[in-house]
Amino acid sequence: MTEEAASKLIPKVDGWSLVNEGGTLKLKRSWKVKSFTKGLELFQLVSDIAESEGHHPDLHLVGWNNVTIEIWTHAVGGLTENDFILAAKMNVLDLQHLLRKKKDG
């Protein structure tokens, strides 16, 4: 998939960014979770979808509460429509109980 084609699809997956890392297009999204174990719970929810789809994103848990997920198709070295489908399926997960609440003011 070209960057132009990906740019047309990215608005359909709210919260995800289109990134180009060394010529490899990826979808990327980050969250702040309440705790390390809540990050692992988030990964479990994502892994259930990923496993059922046979499509496995890169999962990162850094600094105990910073979660980042990158989706791309390793076999083609970039993005396919299936990457956007997986991102859309992740977007319908209820993650609110895992996420840190934003502080007002």
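A salt bridge here is a side-chain nitrogen of Lys or Arg within 4 Å of a carboxyl oxygen of Asp or Glu. Glu21 and Lys26 form one, with their closest N and O atoms 2.9 Å apart, and the count by this rule comes to seven salt bridges. Please keep in mind that this is a predicted model, in which local features need pLDDT of at least 70, side-chain atom pairs count only at pLDDT 80 or more, and totals for chains, interfaces and linings use all residues. Residues are numbered from 1 along each chain as its sequence is written, and side-chain values use heavy atoms, with hydrogens and water left out.

**Salt bridges**

- Let's stay with the opening pair: Lys26 is buried, at a relative accessible area of 9%, while Glu21 is partly exposed at 31%. In these terms, buried is under 20% relative accessible area, exposed is over 50% and partly exposed is in between, using a 1.4 Å probe and protein chains only.
- Glu4 and Lys8 form another salt bridge, the closest N and O atoms being 3.9 Å apart. Both residues sit in helix H1 (residues 3-9), four residues apart, or about one turn of the helix.
- Glu4 counts as exposed at 56% relative accessibility, and Lys8 is exposed too, with a relative accessible area of 59%.
- Glu41 and Lys38 meet through their side chains in a salt bridge of 3.6 Å, N to O. They are three residues apart in helix H2, so about one helical turn separates them.
- Glu41 is partly exposed at 35% relative accessibility, and Lys38 is partly exposed at 23%.
- Elsewhere, salt bridges with shared partners join Glu21, Lys26, Lys28 and Glu70 into one network.

**The sheet**

- Four strands make an open sheet in the order S1-S2-S4-S3, with antiparallel pairing. Helices (H or I, at least four residues) and strands (E, at least two) are DSSP runs, numbered from the N terminus, and two strands pair if DSSP finds at least two bridges between them.
- Strand S1 (17-21) and strand S3 (58-62) stand at the edges with a single partner strand each, so one side of each has no neighbour in the sheet.
- On average, neighbouring strands of this sheet are turned by 30 degrees against each other, direction ignored. Axes are lines fitted to C-alpha atoms, for helices over the stretch in contact, and angles run from 0 to 180 degrees between N-to-C directions.
- S3 and strand S4 (residues 66-71) run antiparallel and are joined by five bridges. Asp58 has Glu70 as its bridge partner in S4.

**Helices on the sheet**

- H2 packs on the sheet and touches strand S2 (24-32), S3 and S4, its direction making about 170 degrees with that of S3. Contact means heavy atoms within 4.5 Å.
- H3 lies across S2 and S4, running at about 150 degrees to S4.

**Helix against helix**

- Helix H2 (residues 36-53) packs with helix H3 (residues 81-91) at an angle of about 145 degrees, and their axes are 10 Å apart.
- Val46, Ile49, Ala50 and Glu53 of H2 make the contact with Leu86, Lys89 and Met90 of H3.
- By class, this contact has five nonpolar, no polar and two charged residues. Ala, Val, Leu, Ile, Met, Phe, Trp, Tyr, Cys and Pro count as nonpolar, Asp, Glu, Lys and Arg as charged, and the others, Gly among them, as polar.
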